[in-house]
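Let's walk through this one together, a question at a time. Have the structure open as you read.

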Amino acid sequence: MLREHVIRLPRMVVVGQDIIDNIPVYLKDLRAKEPILIVTGPHVFNIVANRVLEIIKDYYINAKYVIVEKASIDEANKVLEKISSLRPQTVIGIGGGKSIDIAKYVSSKIGARFISVPTSASHDGIASPFASLKGSGRATSFRAVVPDAIIADVELISKAPKRLLRAGVGDIIAKFTAVADWRLSHKLRGEYYGEYAASLALLSAKHIVSFIDEISRFSTEGVRILVEALVSSGIAMCIAGSTRPASGSEHLFSHALDMIAPKPALHGEQVGVGTIMMSYLHGMKWSRIKRVLKRVGAPTTAHELGIPDKYIIEALLIAPRIRPERYTILGEKGLTREAAIELAKITGVIE
Ligand SMILES: [Zn+2]
């Protein structure tokens with residue numbers, strides 16, 4: 001029985017072209033407080049974050065930056081140490097996954113407001129309240145803080161490598177199986193299920209399918225559609241209060257690959273291939289999922305992921321154990337080896 005369900009949402013979402021220089025205006029609008037800390041990567045610092053910092057300094061006296069190299073708890077703790085005397089009130093993550101995850105984590109630890117400025121559109125973490133950091137003792141993500149604002153410059157994002165945008169399509173198409181898994185768990189386990197959050201997540205996946213031709217051109221318009229879908233999916237997680245609407249068996253498969261594959265592919269790429277297989281198990285039109293991924297040039301096979309077949313099978317087998325409390329189509333015990341091989345073969349993921 002649901003007694004209370006608290007929903008925290010971003011206060012501002014800006015999606016536009018060449019808006020990066022307007023960041024101080026949005027900060028003022030949000031009444032963002034100093035000190036301001038920018039968390040970014042070395043490459044993004046050179047191409048954009050450096051400039052953003054200079055512009056912010058025209059409006060705010062106390063603005064600093066830190067450069068992060070990887071998305072790990074160790075790295076995040078180093079940042080916390082470095083900024084202990086600064087005590088930032090506002091933390092801006094500028095970058096792809098790493099910087100945004102670390103900025104989110106740091107914000108939640110120090111009680112600062114978090115602003116997400118994605119420079120690529122490869123996953124829905126850009127708008128979600130969950131951070132995924134290696135070494136956190138969990139293979140999956142954990143609750144951090146809802147972004148106070150998401151500021152997405154599609155012009156900037158469209159310049160990111162195409163591979164990242166393709167991965168973004170994989171992370172969005174995953175909502176079909178993630179929501180199906182959530183429904184299943186609700187029916188079989190009585191798990192809380194929020195129809196509105198589920199519908200919003202599904203909408204983002206359907207939206208991508210409807211506009212796949214535009215997205216496959218990687219036009220500014222296509223990138224805008226992709227970014228909006230990723231933001232919607234992040235907001236679906238805010239509404240659900242969990243990653244449930246955005247992450248099911250296809251994500252467990254990807255997390256398993258991250259653990260065992262010598263050279264894992266991108267999150268969204270692995271999740272996309274996982275979605276092909278899990279949609280088969282759900283009795284959905286899996287070949288349609290595959291077509292959508294192919295249309296944008298995203299990987300649909302083990303070979304295209306650059307991962308040997310045996311790891312695909314192994315990941316299918318261990319997936320249900322990654323997060324046992326998350327019930328999915330894989331059940332509690334998971335697939336038998338024969339069934340896993342059959343599944344990967346039928347869907348053309350392995351030969
Ligand atoms: Zn994801």
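Q: What covers the buried residues of helix 4?

A: Quick ground rules: this is a predicted model, where local features need pLDDT of at least 70, side-chain atom pairs count only at pLDDT 80 or more, and totals for chains, interfaces and linings use all residues. Residues are numbered from 1 along each chain as its sequence is written. Helices (H or I, at least four residues) and strands (E, at least two) are DSSP runs numbered from the N terminus, and a contact means C-beta atoms, placed from the backbone, within 7 Å. The cover includes strand 2 (36-40), helix 2 (42-57), helix 3 (73-82), strand 4 (90-95), strand 5 (113-118) and strand 6 (130-131).

Q: How many residues of helix 4 are buried?

A: Buried means 20 or more other C-beta atoms, placed from the backbone, within 10 Å of the residue's own; 12 or fewer is exposed, and in between is partly exposed. Among the buried residues of helix 4 are Gly97, Asp101, Tyr105 and Ser107. Helix 4 is mostly covered, and the count out of its 14 residues is 11.

Q: How many residues of domain 2 are in contact with domain 1?

A: An automatic or database domain assignment sets the bounds, giving domain 1 (12-160) and domain 2 (163-346). Their centres, taken over C-alpha atoms, are 26 Å apart. Domain 1 brings 25 residues to the contact, and domain 2 brings 29.

Q: Which element gives the largest share of the side of domain 1 that touches domain 2?

A: Strand 1 (12-16), strand 8 (149-153) and helix 5 (154-157) each supply at least two residues of that side. The largest share is three residues, and it comes from helix 5.

Q: What is the radius of gyration of the chain?

A: The chain has 16 helices and eight strands. The globule rule, 2.2 Å times the number of residues to the power 0.38, is compared with a radius taken over C-alpha atoms. For 351 residues the rule gives 20 Å, and the chain comes close to that, so it is as compact as a globular protein of that length, with a radius of gyration of 20 Å.

Key
Two residues are in contact if their C-beta atoms, placed from the backbone, lie within 7 Å.
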